[in-house]
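Thanks for coming, everyone. I'd like to walk you through one model this morning. Please have a look at it first.

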Amino acid sequence: MTDKLFGTTGVRKVYGKEFDLEMALNLGKALGTYVKSGTVIIARDARTTGLMVADTLAAGIMSTGVNVVRGGIIPTPSLAFATMKHGFKTGLMVTASHNPPEYTGVKFWSGSSMGYTPAEEKKLEEIYETKKFNVASWDASGKETVLENIVNDHIDEILEKCDTELIRTKSFRVIVDPGNGAACVLTPYLMQRLNCEVVTINGQLDGQFPGRPSEPEEETLGDLIRMTEKTGAALGIAHDGDADRVVFVTEKGEVIRGDRTIALLAQQALKNSKEKTVVTTVDSSLVLDKTVEKSGGKIIRTPVGDIQVAIKVEETRGVIGGEACGVFIFPEIHLAPEPFLATCKILELMAQSGKSFGELIAQIPQYPLLKSKLNCPNDKKQAVMDSLATTLPGKMKDTVEVLTVDGLGISLKQGWVLVRPSGTEPVIRITCESPDEDITKQILQTAEDAVKTTIDAV
Ligand code: MG
């Protein structure tokens, strides 16, 4: 088990196969050595291995003389919020996000509520690899305490940022699907505080994820779709395992892609702010650019990953940031993903306009977006990408601009295509979009052929 510890965001590994408690212990020691002194908070999602991993990390940290505060099972955004609010040196979230139940992992948060940047992770990884850990004597080891009430504090803060009174007058019926994940302890209670009539499905914490796979997508949300449509609910709300993502379902049972929801919320945010920047990742729809431009704002694109979005939101004083997979960042509260405030803002918009969520989102057009993935061994990926960088722009029709912010992005006269090696699987992913279905299919076909030929040739 000596494979590289850190992936694109923190650590995410199969427990028992790629990650064990010895690694957790050393990771705890490395983190304690990195932060040197003060207090680190540790929380976790509901995974079956979470308590063991969190206990072991805590032991490692305390062995370096750094104190530990335990936050229990809470959503990742609540952990980030508590880290900032109480001024802890670092927040550790034991989670593998939306991955299957056999995975475990750790996400790192700094006192600014932002995830560890790649540079910070690199420093931590160096300490982990060299094993030069601080060692505290028996009378100088760290102490452990428990922090309760994190979720209620977080809920109070969220309610300050929306028109609670107005939403309460509407008594919206909402269906909440936390997918047996960490949102079980927050979203239903937040909705109650907004005087919603709340029905929860997959609402008990369970690290086996018995209700549905943890990633909230159209294919996994059948129960929520049916419940929302059949019971006349105003909104369906689905989260992933650590509740840093949210996906919404309309009253008609339609699952809405995250980039359209960002566009809707960005429109509103731009109306109320003198700042004009909206930040999203390279794989978001063109619809977002069009909507934001129409509202007098401008889009900045970053590599994939919520930390990349947060870094740019902070740097450019963005009004809102997000990812198409269901990440929303509101700098007015903190720099971590904030799916709960996103939910409140949608209810607020519905209450203000008197329109349903389906009617509101209908103002944001939907362009055909197609995805494909091709098998490619990990050790070939770099050579394939290098070769494509020189050949693909010439093979696509009407190339306008080539972007290399993350993978190979090519903007075309009529759309765009993005080719990226996966950070976690031996595949190369292709995403493309244009306002027309046939053109999108042609773009995908051309790109697929080129990538296939390159993989075979390299
Ligand atoms: Mg997640």
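What covers the buried residues of helix 3? Before I answer, the ground rules. This is a predicted model, where local features need pLDDT of at least 70, side-chain atom pairs count only at pLDDT 80 or more, and totals for chains, interfaces and linings use all residues. Residues are numbered from 1 along each chain as its sequence is written, and side-chain values use heavy atoms, with hydrogens and water left out.

Now helix 3. The cover includes strand 2 (39-44), strand 4 (90-94), strand 5 (103-110), helix 5 (150-160) and helix 12. Contact here means heavy atoms within 4.5 Å. Helices (H or I, at least four residues) and strands (E, at least two) are DSSP runs, numbered from the N terminus. Buried means under 20% relative accessible area, exposed over 50%, and partly exposed in between, with a 1.4 Å probe and protein chains only. The buried residues are T76, P77, S78, L79, A80, F81, A82 and T83. Just after helix 3, G87 takes a positive phi of about 65°.

Next, the cores. A nonpolar core is a set of buried Ala, Val, Leu, Ile, Met, Phe, Trp, Tyr and Cys residues joined through side-chain atoms within 4.5 Å. The largest has 64 residues, and F172, V174, L190, M191, F248, L347 and F357 touch the most other members. Helix 12 (residues 339-353) gives the largest share of this core, 9 residues. Take L347. Beyond its neighbours within four places in sequence, L347 contacts I167, F172, V174, M191, L194, C196 and L235. There is also a second, separate core of 29 residues, with F19, L27, A30 and Y128 among them.

On to the metal. Which protein atoms are donors of the magnesium ion? They are S97 (OG), D240 (OD), D242 (OD) and D244 (OD), at 2.0 to 2.2 Å. Donors are N, O and S atoms within 2.8 Å of the metal (3.2 Å for Na, K and Ca); water is not among the atoms, so sites may look incomplete. Along the chain the spacing reads S-x142-D-x1-D-x1-D. D240 counts as buried, at 0% relative accessibility. D244 is buried too, at 3%.

Two strands pair if DSSP finds at least two bridges between them. Strand 10 (residues 246-249) and strand 11 run antiparallel, joined by 2 bridges. V249 has V255 as its bridge partner in strand 11.

Last, helix 14 (residues 381-395). Where does it kink? At A389, by about 45°, shortly before the proline P393. The bend at a residue is the angle between axes fitted to the seven residues ending there and the seven starting there. K381, V384, M385, L388, L392 and P393 are buried in helix 14. These pack against strand 17 (399-403), strand 18 (408-412), strand 19 (415-421), strand 20 (427-433) and helix 15 (437-457).

That's my tour. Over to you.
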